[in-house]
Every structure is written in C-alpha cells, then in structure tokens.
Amino acid sequence: MPYLSFTFIFLIAPVSYLVIGAFQSPDGRFTFDNMAGLANPQIAASYWLSIRLSFASALIGTVTGLLLAHALILGGMPVWIRRALTTFSGVASNFAGVPLAFAFIATLGRLGLVTVTMKDLLGINIYGMGFSLFSFWGLAITYLYFQMPLMLLVITPAIEGLKKEWREAAESLGASDSQYWRLVGAPVLAPSVLGCFLLLFANAFGTLATVIALTGSNFSVVPILLFQQIRGNVLYNPNLGYALALGMILIMSVSNFLYLFLRQRAERWQK
Amino acid sequence: MNRRFRIGPSLVTLAAILYFFVPLYAAFQFSLQMKRGELSLAAYGSVFQDGVFINALTFSILASAAAILFGALLVVPTAYWVRLRLPKLRPVVEFISLLPLIIPSVVLVFGQIRMFGSSSILPLTTSDWGTNLLLVIGYVVLSLPYMFRAVDNGMAAIDIATLTEAAESLGASRARIVFTIIFPNIRAAVVSGAFLTFSICLGEFAIASLLNRSAFGPYMVQLGQDRAYEPAALAIMSFALTWVLMGLMQAFANMKPGQGLFRLPFQKKSPRP
C-alpha cells in the first residue's frame with residue numbers, strides 16, 4: 001500500500017533513526033550517555049525555558065480563551081459578535097509564524113504603535129520598565145494571538161455541552177451562581193479545560209518560526225537549539241542532537257496523548 | 001438564558017476584540033509610513049518590485065501545489081480503500097496521519113536530512129531536485145493530518161460501497177472507480193484540504209530553511225532582519241491571504257457531494273426541468 005510505504009520511509013523511519021541515534025554512542029554502541037547529556041546546563045536551561053514559556057502562554061491562553069468563550073456563549077452576547085469572533089479565531093489560530101511576529105513588532109516593538117502611544121499619551125515607557133517584545137513575556141503575549149483563538153475553538157463544544165437543565169435544577173434547589181459553577185460547572189468542564197491546556201502547551205512548545213522572526217536565534221528555546229544543532233552542530237555531538245529531538249517528541253507526545261485521553265473523558269457529558 | 005446586558009462578558013469580549021484588532025491595525029498603519037510625513041503604499045510596491053520576493057513566492061507556491069497534488073494522490077485512494085475493504089487498518093492509518101501533529105517539523109526534517117544525507121542509500125540532499133523533492137515530501141507529511149481528515153469526512157458523506165458496486169457491475173476498473181467516480185464526488189473535501197495545506201506550506205519556515213531552499217518562509221525572516229516597513233506590509237498581506245484561504249476552505253468543506261465547484265454555497269441550485 002503506497003500510503004504505508006510512504007509514511008514509513010519519510011516519516012517513521014527518519015524519526016526512528018533519530019530515536020535510535022539518541023541511544024547510540026558516536027561509534028554505534030548502545031548507551032544512555034546522550035539522554036544523560038540532556039542534563040548539561042545549556043540543554044537543561046533550554047528545556048526549562050521552553051517549558052516555562054509554553055506553560056505561561058498555555059495558562060494565559062486557557063484562562064483568556066475560557067473567559068471569552070464563556071462571555072460569548074453564556075454571557076448574552078449578540079449572535080453576530082459570536083459568529084464573527086469564531087470565524088476570526090479560525091483564521092487567527094492559523095496565523096502563526098513569521099507574519100505574526102511582524103505584526104507584533106509593529107505593535108509592541110520599540111517603535112510599535114502601542115509602545116509609542118503609551119509613551120506619548122500616558123508617559124509610560126514600557127521598555128524603560130523592563131518590558132521587551134523580544135523577551136519571555138513579549139513572546140508569551142505574541143503566542144496568545146494564536147493560543148486564545150485556539151482555546152476558544154476547542155473549548156466551545158464543552159461549554160455548549162453544559163445543559164440548561166443542570167443550571168435550572170441547581171437554581172430550583174436554591175444554588176447561587178457561584179455554587180452552581182463550583183459544584184456543577186467546574187467539575188464537568190475540568191477535564192476539557194485541562195485537556196485544552198495541554199493542547200495549547202504542545203502548540204507553544206513546538207513553535208519555532210515566530211521565535212526566530214522575533215529574536216533571531218538568541219532566545220534558545222528547545223526548537224531553536226535543535227535548529228542551530230542541525231545547522232551547525234553547536235552541541236559538538238550529533239548523538240546529543242538526537243537526544244534533544246527525542247526529548248521534544250516525548251514532551252509533545254505526552255501532552256497530546258493526555259489531551260486526547262481527557263477529551264474522551266469529557267465527552268461522557270456531551271451525549 | 002436571559003439576554004439582558006451584562007457588564008463582565010461585554011468587557012471580556014471588548015478586550016478580546018481590541019487584542020485581536022490592535023496588532024492588525026498597527027501593522028497596517030506601520031506599513032503605510034515608508035515615506036516620511038505621508039501615508040503611502042510604497043512599502044507594498046517595494047515588496048512587489050523585489051525580484052527575490054517574486055522568486056521565493058513562486059517557488060513556495062509551486063512546492064505547496066506539488067505537495068497538494070502528491071498528498072491528494074496518496075490520501076484519496078488510501079482513505080477509499082480503508083473505508084471499503086480494510087476497516088481493520090483504519091486505526092493504524094488514522095494514527096499515522098496524526099503523527100505529524102506530535103512530531104515537530106524541525107524534528108521531522110532533522111530525521112530526513114540524516115536519513116537521506118550524502119552517505120545514505122538514497123542521497124536526496126546531494127542534488128538540487130532531490131532536495132526540492134524532499135521539501136515537497138516534508139510538506140505532504142505536514143499536511144497529512146488535515147488532508148486525511150478532510151478527505152475522510154468527504155467519504156463519510158457519500159455511499160462509497162454502493163457507488164463502487166454500481167461501477168464494478170458496469171465493468172469499471174479500480175483506478176477508474178477512484179478517479180472518475182470517487183474523486184469527483186469528494187472534490188469539495190479535497191479542495192478544502194488543499195486550501196488548508198496551502199496556507200500551512202506557503203510560509204513554512206523550518207523545513208525550507210534547513211533544506212536551504214530559497215522559499216517564502218526564509219525570505220520573510222531575512223526581510224524582517226533587513227527592512228522595517230516591508231515586513232509590516234507582508235504581515236497585512238499574509239493575514240488577508242490566510243483569511244481568504246480559510247474562507248475558501250470552510251466554503252468547500254460545507255459543500256454537498258457533487259455540488260459544482262464554482263457555485264457559492266449560499267446560492268440555490270436552479271430547479272431541474
């Protein structure tokens with residue numbers, strides 16, 4: 001079957017090559033040295049930076065996306081606003097990469113519209129206060145442009161699945177708004193929200209083009225380090241590069257599989 | 001649900017709209033300021049007059065188109081055969097199609113460069129056409145999750161078993177069934193997957209850059225380092241393009257099987273005599 005041979009040759013085999021290489025010494029013997037090498041300060045720092053950035057961006061994306069979804073679906077917003085924002089989200093969640101970075105440079109860069117306006121009108125120099133678009137929080141704000149729309153899109157079915165009857169039942173038993181959310185809404189939504197958080201985490205973890213366009217290759221998250229390793233063997237050890245790639249695959253797989261697992265659990269309520 | 005005006009949700013929605021809108025407005029405004037003291041479209045003109053821009057864009061359009069064609073030829077017969085004859089293989093095929101979501105493109109291209117490098121059995125990266133081929137293959141792999149889902153949804157909407165039986169009883173060969181019966185019936189789904197593939201591959205950076213192709217993604221990054229106003233113009237243009245592509249994708253995804261390709265979804269079919 002052409003499909004199976006194609007994916008085997010060009011997807012599974014190359015990835016397996018890296019995975020096997022991650023457990024080989026340069027002369028081809030089996031070793032755990034490369035995986036242990038991931039603990040070297042440069043690589044560990046890079047993983048830690050990636051994890052923190054992905055965590056922060058996923059957390060902000062989850063919270064804001066959830067708030068927005070709640071406002072649009074349960075907050076009594078006109079239908080056309082909801083429809084417009086959902087359509088926009090479909091576009092924005094695909095608008096990642098280099099152009100997104102450019103738009104944010106024009107917004108929050110040193111000469112960006114928001115930066116300049118804040119300085120001129122309010123006298124607030126955000127760069128003077130230590131903010132930089134080309135740093136951790138600048139990247140987190142930029143990622144939010146595709147994270148929040150993605151959250152809105154993936155969480156909408158779960159929020160729509162909160163049945164009106166549950167709320168009515170809770171209210172007729174005398175529950176307050178906060179009691180309803182605490183005892184009914186939150187427990188039902190929790191698996192979906194956690195799942196979506198993991199999806200956003202993986203989404204941020206794999207982001208490369210946006211970072212390169214914003215920071216050159218100075219901001220060494222894991223994809224950037226791997227990119228440099230492929231370009232110029234900056235780790236001076238090819239097999240260590242394979243281990244770096246394997247680490248990325250592992251983090252991506254764990255978050256994606258947990259996402260799928262949690263989504264299945266959440267679907268129990270949507271029948 | 002009561003429809004009275006509520007302050008919290010309204011504020012949240014307004015904040016979100018602002019957050020979405022401001023970067024687009026900022027990029028647009030910035031892109032108009034190339035000439036000192038006046039608003040002009042000079043940045044856009046400067047982008048289009050750059051021969052490198054045209055070359056890079058043409059290259060990426062061709063590579064994406066090749067990936068779409070190759071991807072459709074790979075996925076359509078597979079999805080068909082799995083649905084019709086090999087439902088047991090379905091979980092495997094579907095799982096493989098989802099793998100590119102787990103394996104970052106930078107890892108994928110790393111593996112391919114090592115696998116098909118100069119000292120391997122199939123040294124694709126040593127020649128120019130071989131590297132181009134590898135780029136297209138990389139794009140096919142990247143788009144597998146989307147292409148497979150689009151095509152598979154399209155097949156779910158038609159009765160392929162009956163269509164196949166009818167075609168077989170008239171003596172059609174297997175290839176003929178796939179290309180003249182199944183394909184036309186799911187072309188809206190294929191086109192929908194194609195637009196998504198196109199929007200993913202056109203500005204793709206990691207694979208193109210690591211294979212040293214002068215494609216659109218690496219060109220944009222270079223431009224961002226060299227120029228100030230042109231990148232903003234590019235951001236606006238690519239946002240508009242993404243919007244168009246997503247709109248077309250949606251329109252085609254919602255089409256009914258066999259509906260004409262150039263009939264807009266909201267137009268009613270003219271009554272047949």
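Student: Is A:Gly37 buried or exposed?

Tutor: This is a predicted model, where local features need pLDDT of at least 70, side-chain atom pairs count only at pLDDT 80 or more, and totals for chains, interfaces and linings use all residues. Residues are numbered from 1 along each chain as its sequence is written, chains are lettered from A in the order in which they are written, and side-chain values use heavy atoms, without hydrogens and water. Buried means under 20% relative accessible area, exposed over 50%, partly exposed in between (1.4 Å probe, protein chains only). A:Gly37 has a relative accessible area of 16%, so the residue is buried.

Student: Which residues is A:Gly37 in contact with, leaving aside neighbours within four places in sequence?

Tutor: A:Gly37 sits in helix 2 (residues 33-37) of chain A; helices are DSSP runs (H or I, at least four residues), numbered from the N terminus. Contact means heavy atoms within 4.5 Å. The partners are A:Ile43 and A:Leu240.

Student: How are helix 9 and helix 12 of chain A oriented to each other?

Tutor: The axes of helix 9 (residues 177-205) and helix 12 (residues 238-266) of chain A come within 8 Å and cross at roughly 155°. Axes are lines fitted to C-alpha atoms over the stretch in contact, with angles from 0 to 180 degrees between N-to-C directions. Angles under 35 degrees count as roughly parallel, over 145 as roughly antiparallel, 65 to 115 as roughly perpendicular and the rest as oblique. Helix 9 and helix 12 of chain A are therefore roughly antiparallel.

Student: Where does B:Asn212 lie?

Tutor: B:Asn212 is not a glycine, yet has a positive phi of about 55°. B:Asn212 is exposed, at 58% relative accessible area. Its place is the loop between helix 10 (206-210) and helix 11 (216-226) of chain B.

Notes: Helix = DSSP H or I, 4+ residues; strand = E, 2+ residues; numbered from the N terminus.
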